[in-house]
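Subject: Structure handover

Hello,

Here is the structure I promised to pass on. Please open it first, then read my notes below.

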Amino acid sequence: MRFFKYALLFITLSFSSLLNAQQACSALVTRALTAIADNCDALDRNSVCYGYNLVQAEFTQEVAQDFFVKPADRAFIANLVKLQTAGLDTASDHWGVAVMSLQANVPDSLPGQAVTFILMGETELENAVMPEEAFTPASPVSVTLASDATLRSAPSNAANSIASAPAGALLEADGLSADGAWVRVTFGEVFGWVLQNALADAAPLAGLPTLDGTQRMPMQAFYLRNGIGQPECAEASDVLMVQGPKNVRIDLTVNGAQVNLGSTVLFRVLPPGDLMEVIVIDGDIIVKQGEDDPEPKHVFAGQRSVVCLAPPDNLGVDGESNDRLVNCAWSDPEDVPRDEL
């Protein structure tokens, strides 16, 4: 009977300790997410924000001792080598959160649009775009339609229609397809591709760059690394969240995988570190092992897909052998259990 009392006391104390830990964890997560709403509000495009303790950043050039060291600090990403956030630790009141606002392939003619990255917990991004290779978008030029035209999601009649524009409509153009037959344009808040022969005058297009989908701006291609231990609590996962802007599909390169998203998705590396997972929260994502992958996977809201990662190699900007490329096809999409999602 005495043993039973001691056992019951031990279970009660253990449960109480677990409950207190969970409450402390939830409180810390709530404080952090509330703080970043203030600390990182109205973040400029192509900038990074120190959201909540602890965040570490490395740049390609020397910075002042007090540069990007506390919550609400901001920096431009042009010279960012890597960004790392810390895993949750209730004892020290730490849970690293950082926010990035990237232009990616969003045209300059949509100045208010950007793709948002949120790094949470033990998560690290290393820039895979060498500074000298980073793409600089062209300033858009005005063009006029000579006839009614259809805007398509890609420079092909096989791509789906995303909008229609009437003859005489004024569009903003910023690039040409590889074959020169198509022009990437913005019409209102929508951007897509129209046939060049639908324009009244092609002269303004002179000097615009060719956009074949391989161009990458800083951090539009990156290597992801996550902690592979068990987080202190479920709502403090080590994860990267990516949210694309409205009406714009975003192209990214994640550990060598080609990604096209129009949604909010989560990326994370799974234990023991040789698998990467994408979970779609809303919208959809198209994932390919590489540019020439003949079997891309289309993943929709509430689904996941997994891809394997090769052993670490020195591939990014930091000069360390810590980068892992995808080396197999993405798995067929499967539903994520509701409680996990």
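Strand 17, residues 257–261, is largely enclosed by the rest of the structure, because five of its five residues are buried. Please keep in mind that this is a predicted model.

A257, V259 and L261 point one way. Q258 and N260 point the other way. All of them are buried.

Which strands pair with strand 17? Strand 16, residues 250–254, is one of them: it runs antiparallel to strand 17 and is joined to it by five bridges. Strand 20 also pairs with strand 17 in the antiparallel sense, over four bridges.

In strand 16, D251 stands opposite N260. In strand 20, the bridge partner of N260 is I286.

Strands 16 and 17 form a hairpin with two residues between the strands. In that hairpin, N255 takes a positive phi near 50°.

Strand 20 covers residues 284–288, and strand 21 covers 297–300. P294 is in the loop between the two. Is P294 buried or exposed? P294 counts as exposed, because its relative accessibility is 74%, and the cut-off for exposed is over 50%. The C-alpha atom of P294 is 20 Å from that of E334, and the two residues are 40 apart along the chain.

**Aromatic residues**

A pair of aromatic rings is described by the distance of the centres and the angle of the planes. The structure holds four aromatic pairs. One of them is F59 with F67: the ring centres are 5.3 Å apart and the planes are at 70°, so this pair is edge-to-face. The cut-off for that label is over 60 degrees.

F59 is buried, with a relative accessible area of 15%. F67 is partly exposed, at 32%. Both belong to one aromatic cluster, formed by Y50, F59, F67 and F68.

**The cavity**

How many cavities of 30 Å³ or more are there? The count comes to one. The largest cavity has a volume of about 40 Å³.

Its lining includes T60, A78, N79, L80 and N127. V129, M130, P131 and A134 are also among the lining residues, as are P218 and V317. By type, the lining of the largest cavity divides into eight nonpolar residues, three polar and no charged.

Best wishes

Key: Residues numbered from 1 in each chain as written. Predicted model: local features only at pLDDT ≥ 70, side-chain atom pairs only at ≥ 80, totals over all residues. Heavy atoms only, no water. Buried < 20%, exposed > 50% of the residue type's maximum accessible area, 1.4 Å probe, protein only. Phe/Tyr/Trp six-rings, centres within 6.5 Å; stacked < 30°, edge-to-face > 60°. Pairing = 2+ DSSP bridges. 1 Å grid on protein atoms, 1.4 Å probe; cavity = no way out; pocket = protein on both sides within 12 Å on 5 of 7 lines; lining within 4 Å. Points joined across faces, edges and corners; volume = space filled by probe spheres on them. Nonpolar A, V, L, I, M, F, W, Y, C, P; charged D, E, K, R; others polar.
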